[in-house]
Amino acid sequence: MKIYFIIAKLASLGADLSTRNAVRMALSLISEDEELTDQIYVEIKNKAYREDFSKVPVEKRAVFIPQCLRNVRECPANFGEYGWECVKCGKCPIGGIIEHGERLGYRQFYVVPGGSLVKKILKAKAPKGEIKAAVGIACWPELAEAAEKLSILKIPIQGVPLLRAGCINTLVDVERVREVLELGLYEHEKTGVALSPVPKPGL
Ligand code: SF4
């Protein structure tokens with residue numbers, strides 16, 4: 001995949017990839033499209049935070065889901081203090097994502113209209129230790145912005161990009177979301193040490 005090839009190339013050149021600006025500069029040095037900046041930055045952060053994220057208990061992981069994934073015309077959810085309160089009606093992928101997460105032990109799902117509500121939620125819950133890691137589903141620029149901000153708060157994030165961005169009727173790779181939700185949960189199969197008591201779904 002082109003993006004991983006570019007990351008490997010930049011890494012082999014010893015480029016500074018620690019910030020979005022640094023990534024942007026590095027891409028211009030090798031004459032690559034700067035539009036790839038956010039994608040590369042998010043993928044680097046995903047890799048860097050994967051282990052830390054995996055160690056956080058699922059009940060301390062918040063899942064931020066963009067409201068643009070909702071079926072706007074038919075969604076029966078009400079809007080509450082922390083975003084849309086999904087009732088899992090099955091008319092968009094959000095209900096299935098939440099159901100799968102709940103089976104794994106997740107308790108915090110936020111269907112949000114944008115970054116300002118994410119900030120409010122983090123401000124209310126991160127200092128109390130209720131949120132120690134985050135899954136973000138969003139477009140590349142929003143994921144990059146979130147990765148920058150959460151780095152400062154020392155909250156490991158795993159970002160999942162929308163396959164089709166926009167204001168409504170967006171798409172996400174649900175399988176990729178499920179894989180991210182499951183990170184760290186089945187380590188005992190490899191190590192013999194159970195990190196989470198949840199049973200594997202479908203077994
Ligand atoms: S699954 Fe949830 S978010 Fe999606 S349309 Fe139904 S109530 Fe709304």
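Buried residues make up 32% of the 203 residues in the protein, where buried means 20 or more other C-beta atoms within 10 Å of a residue's own, exposed means 12 or fewer, and partly exposed is in between, with C-beta atoms placed from the backbone. The model is a predicted one: local features need pLDDT of at least 70 and side-chain atom pairs count only at pLDDT 80 or more, while totals for chains, interfaces and linings use all residues. Residue numbers run from 1 along each chain as its sequence is written.

As for overall shape, the C-alpha atoms fill a box of roughly 50 × 45 × 35 Å, taken along the principal axes. The radius of gyration is 17 Å, which agrees with the value near 17 Å for a compact globule of 203 residues; it is taken over C-alpha atoms, and the globule rule is 2.2 Å times the number of residues to the power 0.38. Among contacts between residues at least 6 apart in sequence, 60% join residues at least 24 apart, a contact being two C-beta atoms, placed from the backbone, within 7 Å. The protein has 8 helices and 7 strands, which are DSSP runs numbered from the N terminus (H or I, at least four residues, for helices; E, at least two, for strands).

Strands are taken to pair if DSSP finds at least two bridges between them. On that basis β5 pairs in the parallel sense with β1 (residues 61-66) over 4 bridges, and V63 stands opposite V135. β5 also pairs in the parallel sense with β6 (residues 157-164), over 5 bridges; here I137 stands opposite V160 and A138 opposite P161. Getting from β5 to β6, the chain passes through helix α6 (residues 140-153) in a right-handed β-α-β crossover, right-handed meaning that, with the strands pointing away from the viewer, the path from the first strand over the helix to the second runs clockwise. β6 in turn runs antiparallel to β7 (residues 171-172), joined to it by 2 bridges, with L162 opposite V172. The hairpin of β6 and β7 has 6 residues between the strands, and G166 takes a positive phi near 140° there.

Two lysines also take positive phi. K154, in the loop between α6 and β6, has a phi of about 60° although it is not a glycine, and it is exposed, with 9 other C-beta atoms within 10 Å. K88, likewise not a glycine, has a phi of about 55° and lies in the loop between β3 (83-85) and α4 (93-104). With 14 C-beta neighbours inside 10 Å, K88 counts as partly exposed. Helix α4 holds H100, which is partly exposed with 16 such neighbours inside 10 Å. H100 and L181 are 81 residues apart in sequence and 8.5 Å apart in space, C-alpha to C-alpha.

Then there is the ligand. It is surrounded by 16 residues, the closest being C75, C86, C89, C92 and G95; a residue is near if its C-beta atom, placed from the backbone, lies within 6 Å. The shell has 10 nonpolar, 3 polar and 3 charged residues, with Ala, Val, Leu, Ile, Met, Phe, Trp, Tyr, Cys and Pro counted as nonpolar, Asp, Glu, Lys and Arg as charged, and the others, Gly among them, as polar.
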